[in-house]
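Trainee: Please take one part of this model and go through it closely. Then place that part in the rest of the chain.

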Amino acid sequence: MKKLIILFIGILSMPILNAQDISDALRYSTGDVQGTARFRAMSGAFGALGGDVSAVSINPAGSAIFNNSHASLSLSSINYDTQTNYFGTLNSSSDSSFNLNQAGTVFVFNNTISKSPWGKFVLGLSYEQTQNFENNFFASGKNTQSIDNYFMNYAQGLRLDEISAFEDESITDAYGDIGAVFGYANQQAFLGYESYILEPDVDEDDNTSYTSNIAAGDFNQEYSYAANGYNGKFSVNLAMQYDENIYLGLNLNSHFVNYERSTYLFESNSNIGSLVNEVGFENNLLTLGSGFSFQLGGIAKLNEFVRVGFTYDSPIWYTIREETTQYISTVRDDAGSAITTTLNPKVVNIFPNYKLQTPEKITGSVALVLGKQGLISFDYSRKDYGKTKFKPGTDSYFSSQNAIMRNTLKAANSYKIGGELRHKQLSFRGGYKLEESPYEDTSYYGNLTGFSLGLGYSFGGTSLDFAYENSERDLNYQLYNTGLTDTVKLNTDNSLFTLTLSTIL
């Protein structure tokens with residue numbers, strides 16, 4: 001009868017489960033169009049240019065620059081190099097991935113009414129990858145803080161009978177029931193208690209204070225991080241040319257998120273008085289989401305050489321679902337014998353769907369077009385990450401996270417400049433970009449800088465383009481959101497190779 005009551009209460013309590021924080025919000029609020037090789041070779045500075053399928057994702061008016069229907073397909077290879085520094089110990093990791101990052105087409109319809117100021121209408125369809133989450137790193141070092149602080153922070157103030165298994169109850173049933181009835185915090189305390197890391201002051205159901213079975217001292221820690229997945233969007237583009245010099249456009253975007261992450265911490269100690277000498281703690285996350293946004297843009301030819309552009313990107317309104325699994329193992333000293341305790345609940349925690357609204361963005365662009373000889377283009381964008389919001393805002397947990405983001409994040413500017421020189425069928429390209437940190441504390445999360453180079457060859461109606469882009473950023477990665485909040489210093493150096501085939505239809 002007690003189990004039936006707990007199950008019923010658990011179903012009613014599911015909406016209170018929350019695990020989202022600022023790192024989740026920022027992960028899905030950042031990113032940029034990866035695009036065609038020509039687009040990447042000029043660091044994405046295409047807001048006033050158009051005439052490229054990926055440029056349409058920056059400024060929807062760009063498709064109206066095309067004189068003929070057009071299609072392109074892009075393949076990319078990304079290499080990731082990450083250096084870590086954890087309490088003075090250096091490690092490095094490398095990884096790579098290969099994917100289809102862009103495909104799109106635009107159909108141009110010329111207006112046959114000669115007296116109409118509307119010159120042509122364009123319909124575009126495209127897929128663009130906006131962010132690749134592939135990343136792996138390993139960190140190790142000697143710390144004076146233990147993972148026990150993580151479990152202690154969650155356990156203090158909770159009743160013992162709300163973080164422990166019933167007599168003869170399996171770990172799987174207890175972990176699942178506690179999560180359903182009491183939530184995420186109690187589950188973490190449960191793992192700490194049942195793995196012998198935590199010791200209640202009094203072995204009574206109403207006990208609410210705990211001590212650690214891990215003695216103070218030095219701790220050898222190893223931390224492994226592995227992530228994969230991507231953000232992407234499908235877009236429908238509508239654009240038109242007005243008179244000879246005005247181009248207007250609209251994009252309707254359908255976004256999707258697929259993100260997986262696995263982390264594992266191994267900690268060992270030989271501290272005097274420590275009952276638990278080894279801990280292995282694994283956490284896995286799966287995130288799936290979908291969203292919608294729109295873009296409005298315009299391009300104006302001021303004269304034969306100068307073009308200007310402006311784009312408004314609406315917020316992305318996401319609906320996101322998350323699943324987590326956990327595992328913990330400890331080794332403790334029991335009268336001189338090493339006893340291993342393993343808790344592998346094999347329970348998938350499915351959290352209620354939540355809403356995320358990313359910030360809007362504005363982009364201003366200017367380009368100098370030198371006929372068939374080449375061009376230079378510059379884009380400036382501004383995005384206020386402090387306006388990122390979890391919804392509904394009336395939820396007390398989401399409200400607190402929104403307040404943290406307003407105080408921690410800021411408006412960030414990005415600057416992109418690119419150029420192209422043409423010689424007969426050959427095109428030589430290059431670019432540079434600077435994206436400011438979304439954090440007020442830039443030492444925690446640094447600016448992103450990058451450069452790019454590219455080469456293109458036109459066969460007439462078909463062209464083949466290649467680009468190389470390199471970007472670098474320094475940041476501090478926080479291990480856990482409470483208790484063991486120490487950070488790993490990361491230097492990320494990513495290299496992107498893109499090959500694009502484009503053709504006139």
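Mentor: Start on the outside of H8. Ser 396, Arg 406 and Asn 407 are exposed, and they sit on the face of H8 turned away from its buried side. Keep in mind that this is a predicted model.

Now the opposite face. Phe 398, Gln 401, Asn 402 and Met 405 are the buried residues in H8. They lie on the same side of the helix, because the arc they cover around the axis is only 105°. What do these buried residues pack against? Their partners are helix H2 (22–27), strand S14 (354–357) and strand S17 (389–391).

Next, the length of H8. The helix runs over residues 396–408, which makes 13 residues.

Look at how H8 begins. Asp 395 places a side-chain oxygen within 2.9 Å of the backbone nitrogen of Tyr 397. The peptide bond between Lys 391 and Pro 392 is cis, with omega about 5°.

Most residues other than glycine have a negative phi. Two residues of this model go the other way. Tyr 196 is not a glycine, yet its phi is positive, about 75°. Tyr 196 belongs to the loop between helix H7 (184–194) and strand S5 (198–200). With a relative accessible area of 36%, Tyr 196 counts as partly exposed. Lys 346 also has a positive phi, near 55°, and is a residue other than glycine. Its loop runs between strand S12 (337–343) and strand S13 (349–350). Lys 346 is exposed, at 72% relative accessible area.

H6 covers residues 171–181. Its buried residues are Ala 174, Tyr 175, Ile 178, Gly 179 and Val 181. After H6 comes Gly 183, with a positive phi near 110°.

Now step out to the whole protein. It has eight helices and 22 strands. Of its 505 residues, 52% are buried. The C-alpha trace spans about 90 × 50 × 35 Å along the principal axes. How much of the contact pattern joins residues at least 24 apart? Among contacts between residues at least 6 apart in sequence, the share is 72%.

Asn 283 gives a local view of such pairing. This residue sits in strand S9. Its relative accessible area is 16%, so Asn 283 is buried, given that buried means under 20%. Its C-alpha atom is 7.2 Å from that of Thr 324, a residue 41 places away along the chain. Beyond its neighbours within four places in sequence, Asn 283 contacts Arg 261, Ser 262, Thr 263, Thr 325, Gln 326 and Tyr 480. With Gln 326 there is a polar contact between side chains, at 2.7 Å.

Three cavities have a volume of 30 Å³ or more. The largest cavity has a volume of about 400 Å³. Its lining has 32 residues, and Gly 31, Asp 313, Ile 316, Lys 361 and Lys 383 are the closest to its centre. Several elements give two or more residues to that lining, including helix H4 (55–58), strand S9 (276–301), strand S15 (361–369) and strand S16 (374–384).

The second largest pocket is open space of about 1,100 Å³. Its lining counts 42 residues. Nearest its centre lie Arg 38, Gly 51, Phe 66, His 70 and Arg 422. Among the elements that each supply at least two lining residues are helix H3 (37–41), strand S1 (70–86) and strand S18 (411–423).

Back to H8 for a last check. One side carries Phe 398, Gln 401, Asn 402 and Met 405, all buried. The face turned away from them carries Ser 396, Arg 406 and Asn 407, which are exposed.

Definitions and conventions
Residues are numbered from 1 along each chain as its sequence is written. This is a predicted model: local features need pLDDT of at least 70, side-chain atom pairs count only at pLDDT 80 or more; totals for chains, interfaces and linings use all residues. Side-chain values use heavy atoms; hydrogens and water are left out. Helices (H or I, at least four residues) and strands (E, at least two) are DSSP runs, numbered from the N terminus. The expected span of a helix is 1.5 Å times one less than its number of residues. Buried means under 20% relative accessible area, exposed over 50%, partly exposed in between (1.4 Å probe, protein chains only). The arc is that of the directions from the helix axis to the C-beta atoms. Contact means heavy atoms within 4.5 Å. A polar contact is a pair of N or O atoms within 3.5 Å; within protein, one must be able to donate a hydrogen and the other to accept it, and residues adjacent in sequence count only if both atoms are side-chain atoms. On a 1 Å grid over the protein atoms alone, a cavity is a set of points where a 1.4 Å probe fits but cannot get out, and a pocket is an open set with protein on both sides within 12 Å along at least five of seven lines; lining residues have an atom within 4 Å of a point. Grid points are joined across faces, edges and corners, and a volume is the space filled by probe spheres set on the points.
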